[in-house]
Amino acid sequence: MKYLALDLGNRRIGLALGGEPGVPVVPVGYLERKTLRQDIDRVLQAARERDVDGIVAGMPYTFSGAIGEQARLAEGFLRALKKQTSLQVHAVDERFTSVGAEEMLRESGLRPSTARGEVDALAAVLILERFLSQGDSQR
């Protein structure tokens, strides 16, 4: 199975691709947010171009694991996305993925504050890696 991962932010949607055995998960850029309709169309276009079998989106729960405002916004996006596609759409807890992505950038010598889109794409990588590590029993 090949997946397109989404890190749903207020300004950007980070994208990553992976899931095939022996192939690493890789960042594939980000989309600047526009309207809900345009965002969904562009996510689905990215999925078609990459011939994926499913979409995995990070769910931004609060630190305690509760559903806060950001998670409610993500749920709304996923509901609208599911209405527009026959692809399986999965949600996975994304807590601390942006922190991990920022650390990865720092280790590579880049400043996260000047590379926000790259942070979002790397967060999508971490989201998809977390999803894949859960195994089939969680899907």
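Beyond its neighbours within four places in sequence, Asp120 is in contact (heavy atoms within 4.5 Å) with Asp7, Arg12 and Gly14. This is a predicted model, in which local features need pLDDT of at least 70, side-chain atom pairs count only at pLDDT 80 or more, and totals for chains, interfaces and linings use all residues. Residues are numbered from 1 along each chain as its sequence is written, and side-chain values use heavy atoms, with hydrogens and water left out.

**Around Asp120**

- Asp120 sits in helix α4 (residues 116-133); helices (H or I, at least four residues) and strands (E, at least two) are DSSP runs, numbered from the N terminus.
- With a relative accessible area of 8%, Asp120 is buried; buried means under 20% relative accessible area, exposed over 50% and partly exposed in between (1.4 Å probe, protein chains only).
- Asp7, one of the contacts of Asp120, has Gly14 as its bridge partner in β2.

**The sheet**

- Five strands make an open sheet with mixed pairing, in the order β3-β2-β1-β4-β5; two strands pair if DSSP finds at least two bridges between them.
- At the edges stand β3 (26-32) and β5 (88-93), each with a single partner strand, so one side of each has no neighbour in the sheet.
- On average, neighbouring strands of this sheet are turned by 25 degrees against each other, direction ignored; axes are lines fitted to C-alpha atoms, for helices over the stretch in contact, and angles run from 0 to 180 degrees between N-to-C directions.
- α2 packs on the sheet and touches β1, β2, β4 and β5, its direction making about 165 degrees with that of β4.
- A hairpin of three residues joins β1 to β2, and these strands pair in the antiparallel sense over six bridges.
- β1 and β4 pair in the parallel sense over four bridges, and Ala5 stands opposite Val56 in β4.
- Seven of the seven residues of β2 are buried, so β2 is largely enclosed by the rest of the structure.

**The nonpolar cores**

- The largest nonpolar core has 23 residues, of which Leu6, Val43, Phe77 and Leu81 touch the most other members; such a core is a set of buried Ala, Val, Leu, Ile, Met, Phe, Trp, Tyr and Cys residues joined through side-chain atoms within 4.5 Å.
- Two or more residues each come from β1 (3-8), β2 (12-18), α1 (36-49), β4 (54-59) and α2 (69-83), and α2 gives the largest share, six residues.
- Apart from this core lies another of 11 residues, among them Val56, Ala124, Leu128 and Phe131.
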